[in-house]
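Me: Please examine the model shown below and answer a series of questions on its side-chain pairing, helix packing and surface.

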Amino acid sequence: MNNSLYEKDKCTNSDHVATPRWVVENIYTLIDVKTFESIWLPFNNYDSEFKTKADELNLKYQATHIFDDLGSDFLQLSHRKSVI
């Protein structure tokens, strides 16, 4: 995983915004996320609350963040429907 670049970006990039845990929990409740077969987390990295909560709920998901260890940059994916 490309953690060092990601950690640097978190500290220096004013566009880096993390969704608070309580917001994620409310969104997951509102959309009844447990009923989904799988979910897509297009901009989430290893420390994302969306990903952390999905792990806790044992949800199947695909995370495609520019800093992931697979190089799955969401903005470069050509077949987004085939990701999940």
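Me: Is Glu25 buried, partly exposed or exposed?

Reply: This is a predicted model, in which local features need pLDDT of at least 70, side-chain atom pairs count only at pLDDT 80 or more, and totals for chains, interfaces and linings use all residues. Residues are numbered from 1 along each chain as its sequence is written, and side-chain values use heavy atoms, with hydrogens and water left out. Buried means under 20% relative accessible area and exposed over 50%, with partly exposed in between (1.4 Å probe, protein chains only). Glu25 has a relative accessible area of 33%, so the class is partly exposed.

Me: With which residue does Glu25 form a salt bridge?

Reply: A salt bridge is a side-chain nitrogen of Lys or Arg within 4 Å of a carboxyl oxygen of Asp or Glu. The closest N and O atoms are 2.8 Å apart, and the partner is Arg21.

Me: How many residues apart in sequence are the parts that Glu49 and Arg21 tie together?

Reply: The side chains of Glu49 and Arg21 meet in a salt bridge at 3.2 Å, N to O. Because Glu49 lies in helix H3 and Arg21 in helix H2, the pair ties together parts whose separation in sequence is 28 residues.

Me: Which elements do the buried residues of H3 pack against?

Reply: In helix H3 (residues 49–56), the buried residues are Phe50, Lys51, Lys53 and Ala54. Seen down the helix axis, they fall within an arc of 165°, so they line one face of H3; the arc is that of the directions from the axis to the C-beta atoms. With contact meaning heavy atoms within 4.5 Å, they pack against H2, E1 and strand E2 (61–63).

Me: What is the relative accessible area of Phe36?

Reply: Phe36 is placed in the loop between H2 and strand E1 (39–41). The residue counts as partly exposed, with a relative accessible area of 40%.

Notes
Helix = DSSP H or I, 4+ residues; strand = E, 2+ residues; numbered from the N terminus.
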